[in-house]
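Hi,

Here is the structure I promised to send over, followed by some notes on what I found in it. Could you have a look with the viewer open beside this email?

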Amino acid sequence: MSGDRAPAGRAELEAERDHLAYAVDCLRRSRTELLEMAERAMRTSDDEMVIWLLRRAQQIAEDDGLPLFFGRMELDDPAVGTVYVGRRHVGDPARDGEIVVTDWRTPLAARFYRASRADPMGVLRKRRFGFAEDSTLTSFDDEPVREADGGLSALVRGEIERPRFGPMRDIVATIQPDQDEIVRGDLAQTLLIQGGPGTGKTAVGLHRAAYLLFEHSTLHRRGVLVVGPNDVFVHYIGRVLPALGEKDVRHVVLERLTEPKRAPVPEAPEVARLKGDARMVAVINRAMAAKVGAPTEDLVIRETSPFVRVSPETVAGLAADLIGTGVPWDRARTHLTDRLVDHIRRRLELRGRAPSDTEMRRVARTKGVRALVATIWPPVRPEQVLRELLSDPDVLAAASEGILDETERALLARGSAKWSAADLYLLDEISARLREPDHYGHVVVDEAQDLSPLQLRAVGRRCVDSATVLGDMAQRTTPWAAGSWDAVREHLGLPSRVLTLSKSYRVPVEVLAVANRLLPLIAPELPPTRSVRHAPGSLTTTRVPDVATALAAAIAADPTPESTGVVVHDDQRSAVLKVLTDHGLSVAHAIEDGTAHDVTLIPVTLAKGLEFDHVYVLEPAAIIDSGPDGGRLLYIALTRAVSRLTILHTEDLPEVLGVR
Ligand SMILES: Nc1ncnc2c1ncn2[C@@H]1O[C@H](COP(=O)(O)OP(=O)(O)OP(=O)(O)O)[C@@H](O)[C@H]1O
C-alpha cells in the first residue's frame with residue numbers, strides 16, 4: 001500500500017508499529033518453538049510429528065516479508081476488544097498461544113470485510129494500514145462503521161490505483177463486501193459468477209480457493225485446480241495463491257486439462273463448434289456402444305466340480321445391466337467378473353456344493369472368464385475410437401444417425417492426422433467412458449463464457465465437491481461457447497447458482513461509460529456494470545495521421561512510472577512492433593513480465609483478463625470490424641485500463657462509442 005496518506009497521530013502510529021513488532025517477534029518465537037519441538041520429537045522418532053512440525057516452521061520461514069496485518073477492528077464486545085486481521089494467524093507462544101493476529105479467513109475476520117452502517121456486526125471502527133515498500137507501517141485510515149457511506153476508503157482506492165507491474169497481486173487487504181460473500185461461499189455450492197470487466201472475478205475466484213483450503217483441511221488432499229484460457233493468463237494469475245500461502249494449487253491452461261502432452265493443430269471454427277456441441281455426447285455414446293461385444297458361445301468352467309456351463313444369453317443379461325449403469329469400461333470389467341463368479345457360485349450351491357472363496361477367486365482368473373470379459377469390453381483406446389469415428393463414414397453414419405445431418409457429417413470427416421483442440425475434449429469424453437479421470441475437490445474456472453459444452457463437461461467431471469466458475473457473457477469470443485449461464489450449468493452437470501458482481505473496481509467511470517455503450521450490441525441481456533471510481537481525464541481519444549508513429553512518440557514522451565499496455569488488432573501487431581522498436585522502445589510481448597520494458601504489446605485476441613495502468617487502444621474501427629466477435633473484442637480492449645485509456649485512431653471511431 002502507498003505510504004503517503006495523511007500522517008496519523010504520532011503516538012497512535014507508534015503504538016501500531018509496536019504491535020507489528022510484537023507480532024513479528026511472536027512469529028519468530030513460534031518458529032523457534034516449533035523447531036525445538038521437532039528436535040524433541042526426533043528423539044522419540046515420531047516421524048509424522050517431526051515432518052508436521054518442520055513443515056509448519058518452514059511455512060513461517062517462507063513468509064515473504066509482507067506486513068503481518070493490514071487491518072484492525074474495534075468490537076463492541078469488551079471480551080474481544082480489538083482484533084488485528086492479517087494474512088495468517090499469529091499467536092503468542094508465551095501466553096498460551098493468545099491470538100495476536102487473526103487469519104483473514106476466520107469467521108471473526110469476515111466482519112472486517114462485511115460490517116457496514118446497515119449491519120455493523122458488532123464492529124465500532126475499522127482501521128486500514130498503509131505500508132511503505134519495505135513494509136514499514138506509515139499510515140492508517142479509520143472508518144467508524146456507523147458513519148460509513150459505503151464508498152471506497154482512500155486506502156482502498158490507493159491500493160486499486162497503485163501502479164502495477166508483472167503478475168496479478170492479491171486483494172486480501174481490501175476485499176469488498178460483495179466479493180467477500182462469494183469468497184466465503186460454502187464448499188458444497190458451485191457458484192457461477194457473472195461479472196463485468198474489473199469487478200474482481202479472477203481475484204475473487206482465487207481468494208475463494210485460498211479460503212476453502214483454510215476452511216477444509218482435507219481439501220489439500222483432494223486438491224484444488226485453477227483453469228485459465230491460455231498461457232498468458234495463467235502466467236499472469238499464477239502468483240496470487242502462492243502469495244496467500246497456498247503453494248500446492250495446480251494451475252492449468254484449459255487445453256492441457258485433458259492430456260498435457262498433446263499440442264493441438266488449428267481447425268475451422270465451424271468444425272470446432274460442432275465438435276464442442278453437446279450432441280456429440282450422444283454420438284460418442286453410440287460409438288462406444290458399438291464397441292461392446294456380445295458372447296456367442298457357452299462359457300464352460302472346467303476348474304470346478306462339477307463343471308458349470310453359462311449360456312451366452314445369461315452373460316448378455318448380466319452385461320446389459322452394467323451397460324445401463326454407465327459405469328466406466330475398466331470398472332465394468334471387474335463388475336462383470338464379479339457377477340459371473342456370483343452366478344457360478346449360486347449354480348454350484350444349487351447342486352449342493354459350498355465353494356470356498358479361494359476356489360471362486362481361481363474361477364475369476366480362469367482363461368475362459370477373462371476371455372469372455374474381454375470379448376464384451378475389449379481393450380480400446382480413445383484415439384482409436386475417435387479416429388474410426390472421424391475417418392470411417394460408415395462408423396460415423398451409424399453413430400450419428402438422427403443426431404447430425406449430412407452437412408455436419410461432412411464437416412466432421414477428418415482432414416488432419418493430428419488432433420485439434422476440440423478433438424481433445426472428444427477424446428476426454430471417450431476416456432471418461434473407459435476410466436475415471438483425475439478428480440479435484442474444487443475447481444476454479446476463469447473466462448468460462450468461452451467454454452464449449454464438451455469443455456464444460458470435461459471440467460464438471462473432474463469436480464468432487466464443487467467449482468467456482470467465473471465469466472462475463474459480454475466477453476464471449478469463441479464460436480463454440482455454450483452461450484448462457486443456464487447452458488453452462490447444464491453442461492457442467494453440477495447443481496449451482498448464478499451470482500452477479502456488478503461493481504467494477506478496475507475501470508474508471510469515464511472509461512466504462514464508453515465501453516458500456518457496446519453492451520446493447522454484444523450482450524443486450526446484461527445490465528451495465530457500474531464503476532466505483534471516478535478518474536476525470538482518464539479517457540483521451542486522438543485522431544492521428546499514423547497510429548503507430550503517434551503511439552511511439554506518446555510513449556517516449558510519457559515519464560510516468562506506470563505499466564503501459566498497447567492493444568492492437570492481431571493483424572497490426574507486427575507493423576506496430578516494428579515502429580516501436582525503430583523508435584528505440586523496448587517492447588514486451590503479452591506473455592512477458594513488462595517490468596523491464598517501456599511497453600507491453602498485446603494482440604486483442606490475447607487481451608482478455610489482463611490489465612495495465614495506462615492502456616492504448618489502436619484503431620477501434622479495425623477491431624470492431626474484425627468479424628462476428630469484433631464488438632466483444634473492442635469491449636475487452638477498452639476495459640483493460642486502471643488509470644488511463646488513450647484511443648489513437650486514423651479512421652473514424654465506431655459510431656456506437658458515442659465519442660468523437
Ligand atoms: N477489492 C479489491 N481491492 C483492490 N483491488 C481490487 C479489488 N477488486 C478488484 N481489484 C482489482 O481490480 C482489478 C480487476 O480484477 P480482476 O482481474 O479480478 O477482475 P475481472 O472481473 O476478472 O476482470 P476481467 O473481466 O476484465 O478479466 C485487479 O487489479 C484487481 O486486483
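Glu 159 meets the side chain of Arg 162 in a salt bridge, 3.2 Å from N to O (the rule asks for a side-chain nitrogen of Lys or Arg within 4 Å of a carboxyl oxygen of Asp or Glu). Arg 162 itself is partly exposed, at a relative accessible area of 21%.

Before going on, a word on the source: this is a predicted model, in which local features need pLDDT of at least 70 and side-chain atom pairs count only at pLDDT 80 or more, while totals for chains, interfaces and linings use all residues. Residues are numbered from 1 along each chain as its sequence is written, and side-chain values use heavy atoms, with hydrogens and water left out.

**Salt bridges**

How many salt bridges does the rule give? The count comes to 51. One of them joins Asp 180 to Arg 114, with the closest N and O atoms 2.7 Å apart. Asp 180 sits in helix H5 (residues 177–183) and Arg 114 in helix H3 (residues 107–114), so this pair ties together parts that are 66 residues apart in sequence (helices, H or I with at least four residues, and strands, E with at least two, are DSSP runs numbered from the N terminus).

Glu 161 is partly exposed at 26% relative accessibility, and Arg 157 is partly exposed at 29%.

There is also a network of salt bridges, linking Glu 12, Glu 16, Arg 72, Glu 74, Arg 125, Arg 127 and Asp 142.

**The open sheet**

Six strands make up an open sheet of mixed pairing, in the order E3-E4-E2-E1-E5-E6 (two strands pair if DSSP finds at least two bridges between them). The edges are strand E3 (90–92) and strand E6 (137–144), each of which pairs on one side only. From one strand to the next, the twist averages 25° (axes are lines fitted to C-alpha atoms, for helices over the stretch in contact, and angles run from 0 to 180 degrees between N-to-C directions).

Strand E1 (residues 71–75) pairs with strand E5 (residues 123–131) in the antiparallel sense, over five bridges. Glu 74 stands opposite Arg 125 in E5, and both residues belong to the salt-bridge network above. Helix H4 (residues 154–161) packs on the sheet and touches E5 and E6, its direction making about 35° with that of E5 (contact means heavy atoms within 4.5 Å).

**The annotated binding site**

An unreviewed UniProt entry places a "binding site" at Gly 195, Gly 196, Pro 197, Gly 198, Thr 199, Gly 200, Lys 201 and Thr 202; UniProt positions are given in the numbering used here, feature names are shortened, and annotations may be inferred rather than shown by experiment.

Where does Gly 198 lie? Gly 198 is in the loop between strand E7 (190–195) and helix H6 (201–215). With a relative accessible area of 13%, Gly 198 is buried. Leaving aside neighbours within four places in sequence, Gly 198 contacts Lys 503, Ser 504, Tyr 505 and Arg 506.

Thr 202 is found in helix H6 and is buried as well, at 13%. Not counting residues up to four places away in sequence, Thr 202 touches Met 168, Phe 233, Ile 237, Asp 446 and Leu 470.

**Two more spots for your viewer**

The axes of helix H16 (residues 382–391) and helix H17 (residues 393–400) come within 5 Å and cross at roughly 95°, so the two helices count as roughly perpendicular (under 35 degrees is roughly parallel, over 145 roughly antiparallel, 65 to 115 roughly perpendicular and the rest oblique). Glu 388, Leu 389 and Ser 391 in H16 meet Pro 393, Val 395, Leu 396 and Ala 399 in H17.

Lastly, His 343 lies in helix H13 (residues 329–350) and is buried, with a relative accessible area of 15%. His 343 touches Val 310, Thr 314 and Leu 318, not counting residues up to four places away in sequence.

Best wishes

Notes
Buried means under 20% relative accessible area, exposed over 50%, partly exposed in between (1.4 Å probe, protein chains only).
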